[in-house]
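Reader: I should like to learn how to read aromatic pairs, metal sites and helices from a set of coordinates. May we work through one example together?

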Amino acid sequence: MKTSPPDSRSSSTTSRGGRKISLSPITRSSGPLSIQVVVNQGRVVNAQVIGGLFRGYELIMVGRDPFDATYLTEKICGICSTAHAMVSSLMLEELYFTEVPPNGWIIRNLMLGAEFLQNHLRHFYFLELPDYLQGPSRFPFINPGGRDYRFSPKVNERLLNHYHEAFKASLLAHELLALFGAKVPHAHGLVPGGATVEPRADLINKFGAVLAQIRHFIDTCLLPDTELLAETYADYFQIGQGPSNFLSYGGFPRGKKEYQIPAGVILGGEQQPLDLDKITESVEYSWFRKQPAKRVTDLEAVKQPESNKPGAYTWVIAPRYAGQVVEVGPLARAIMRGEFHSSSTMDRIVARSREAALIAQWMAQWLSEIEEGKPAYRPPADRIKTQAFGTLEVPRGGLLHGSQLDTDKIAHYAIITPSGWNFSPRDNLGNLGALEHALIGIPIDDPNTPIEVGRVARSFDPCLYCATHVLQV
Ligand code: NFE
């Protein structure tokens with residue numbers, strides 16, 4: 001089943017006899033993602049992940065009042081705007097002396113939690129499941145022949161019903177966010193200093209009632225449907241293994257750097273504390289003027305676009321941690337919590353659904369901890385730094401915003417998104433990005449219907465709108 005046209009495909013033969021297949025665009029994903037693979041003897045032997053959009057958000061920020069960051073950067077994306085509002089707020093709270101009241105931390109986490117639920121529900125039912133499910137034979141559904149459909153007609157029918165029910169659940173998650181955010185997407189209620197909507201009893205009660213409906217859907221549909229998918233396509237636990245390095249910035253803070261989801265990095269199986277100075281960005285294979293890999297904390301080293309650069313193939317840059325490619329997202333967070341121990345297409349899908357249940361459970365707890373009648377916002381005061389970073393776990397992984405001020409205006413702004421990590425190209429050492437790595441070696445049953453490529457790519461939940469926000473000055 002597809003709610004949009006199939007991934008558009010062309011193919012040719014390479015000099016070594018492999019078959020080059022170009023999938024452009026990859027449908028059922030956010031933003032313009034394309035993938036080129038070379039298939040030889042039934043396996044992918046080479047892969048390039050391509051972000052085809054040039055934007056310019058970091059440029060837009062230059063010369064502006066720093067407090068424009070929250071409302072402007074949330075426009076980067078319609079599906080994770082709260083994430084950008086939150087992380088830019090955390091950055092501003094480092095630049096300006098700010099004491100966010102306890103209610104402010106809780107309400108912001110409730111808004112961000114609602115965004116996680118909305119994204120995870122929508123991703124499973126509308127973007128991921130159609131790779132495995134046969135749709136009704138009517139427009140706009142398309143059921144290309146030769147697909148690897150394994151559900152019995154009865155199970156298929158039940159999952160289709162849940163697909164339709166997921167529209168309501170996903171809508172409820174937006175409703176939840178709007179209770180404190182005032183509107184969705186691009187909420188107004190989340191700002192540096194806390195939340196602007198006071199925690200009134202009627203809002204708290206409404207939030208609790210809507211959250212209970214979503215939790216019911218998660219418990220009765222999302223979790224069992226995910227288990228069913230995992231059992232039916234158990235071979236996908238062996239397909240699409242990532243680089244096996246993971247990063248988390250820490251998630252759902254209740255104070256500065258007090259996280260519900262732990263921060264850390266796992267490199268070569270060893271967990272270690274996170275150090276922002278170890279994050280570098282390479283533009284070797286991106287459409288930017290050649291320069292050595294730079295540290296993300298060096299905000300003055302600006303990337304200059306060069307759309308005709310020989311050898312480059314994407315607008316996404318290549319972030320690396322201590323020179324290593326890492327995977328970010330729900331699976332990385334679950335591995336950090338010790339709940340998962342392997343990386344694959346199906347591990348990512350299962351980790352995302354279980355994370356939705358966990359976050360919904362936390363949200364019910366946080367809601368009960370709101371102190372009615374107490375403030376949720378305290379305005380930022382004097383500027384205390386000229387350079388600062390905000391980092392946090394958001395639906396697709398770790399998000400970073402950084403800025404350097406020149407007096408009271410923004411001189412430089414940097415953003416590294418989760419999809420920037422997962423959909424990055426090769427770096428200056430030639431190491432593949434996380435999805436590129438995951439695609440190498442996967443079996444392709446029929447090169448005329450390379451469904452496996454889309455399945456692996458979608459398990460990372462791509463958002464190329466976020467990943468290609470990069471710019472020039
Ligand atoms: Ni455009 Fe986003 C999330 C951010 S990018 S969806 O989650 O930041 O991966």
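Author: We may begin with a cluster of rings: ring pairs link Phe116, Phe252, Trp362 and Trp366. Please bear in mind that this is a predicted model.

Reader: How many aromatic pairs does the count come to?

Author: The count comes to 20 aromatic pairs. In general, two numbers describe a pair of aromatic rings, namely the distance of the centres and the angle of the planes. Consider Phe126 and Phe167: the ring centres are 4.3 Å apart and the planes stand at 25°, so this pair is stacked. Planes under 30 degrees apart count as stacked.

Reader: Where do Phe126 and Phe167 lie?

Author: Phe126 belongs to helix H4 (residues 102-128) and Phe167 to helix H5 (residues 153-181), so the pair ties together parts that are 41 residues apart in sequence. As for accessibility, Phe126 counts as buried at 9%, whereas Phe167 counts as partly exposed at 43%.

Reader: Which arrangement do the rings of Phe288 and Trp315 have?

Author: Their centres are 5.6 Å apart and their planes are at 80°, so the pair is edge-to-face. This pair links distant parts of the chain, 27 residues apart: Phe288 is in the loop between strand E10 (279-282) and strand E11 (294-295), and Trp315 is in the loop between E11 and strand E12 (318-321). Both Phe288 and Trp315 are buried.

Reader: Which charged residues sit over rings, and at what distance from the ring centre?

Author: There are two cases to cite. The charged end of Arg108 sits over the ring of Trp105, 4.9 Å from its centre. Arg348 lies over the face of Phe460, at 3.8 Å from the ring centre.

Reader: Let us turn to the metals. Which residues are the protein donors of the nickel atom of the ligand?

Author: The protein donors are Cys77, Cys463 and Cys466, each through SG, and they lie 2.2 to 2.4 Å from the nickel atom of the ligand. In sequence, these donor residues follow the spacing C-x385-C-x2-C.

Reader: Why is the arrangement around the nickel atom of the ligand tetrahedral?

Author: The criterion for four donors is that all angles lie between 85 and 135 degrees. Here the 4 donor atoms subtend angles of 105 to 119°, which makes the arrangement tetrahedral. Cys77 lies in the loop between H2 and H3, and Cys463 in the loop between helix H11 (451-458) and helix H12 (464-467), so the pair ties together parts that are 386 residues apart in sequence. Both Cys77 and Cys463 are buried.

Reader: What is the protein donor of the iron atom of the ligand?

Author: The only protein donor is Cys80, whose SG is at 2.4 Å from the iron atom of the ligand. Cys80 is placed in the loop between helix H2 (69-73) and H3. The iron atom of the ligand and the nickel atom of the ligand are 3.3 Å apart.

Reader: How is the length of a helix to be read, and what is the case for H3?

Author: One sets the distance between the end C-alpha atoms against the span expected at 1.5 Å a residue. Helix H3 (residues 81-95) has 15 residues and reaches 21 Å, close to the expected 21 Å. Of its 15 residues, 15 are buried.

Reader: What are the corresponding values for H4, and where does H4 bend?

Author: The 27 residues of H4 should span 39 Å, and the end C-alpha atoms are 37 Å apart, which agrees. H4 bends by about 30° at Arg122. H4 is mostly covered, with 24 of its 27 residues buried.

Methods. Residues numbered from 1 in each chain as written. Predicted model: local features only at pLDDT ≥ 70, side-chain atom pairs only at ≥ 80, totals over all residues. Heavy atoms only, no water. Helix = DSSP H or I, 4+ residues; strand = E, 2+ residues; numbered from the N terminus. Expected span 1.5 Å × (residues − 1). Buried < 20%, exposed > 50% of the residue type's maximum accessible area, 1.4 Å probe, protein only. Donors = N, O, S within 2.8 Å, 3.2 Å for Na, K, Ca; no water. Tetrahedral: all angles 85-135°; square planar, octahedral: opposite > 155°, others 65-115°. Phe/Tyr/Trp six-rings, centres within 6.5 Å; stacked < 30°, edge-to-face > 60°. Lys NZ or Arg CZ within 6 Å of the ring centre and 35° of its normal. Bend = angle between axes of the 7 residues up to and from the residue.
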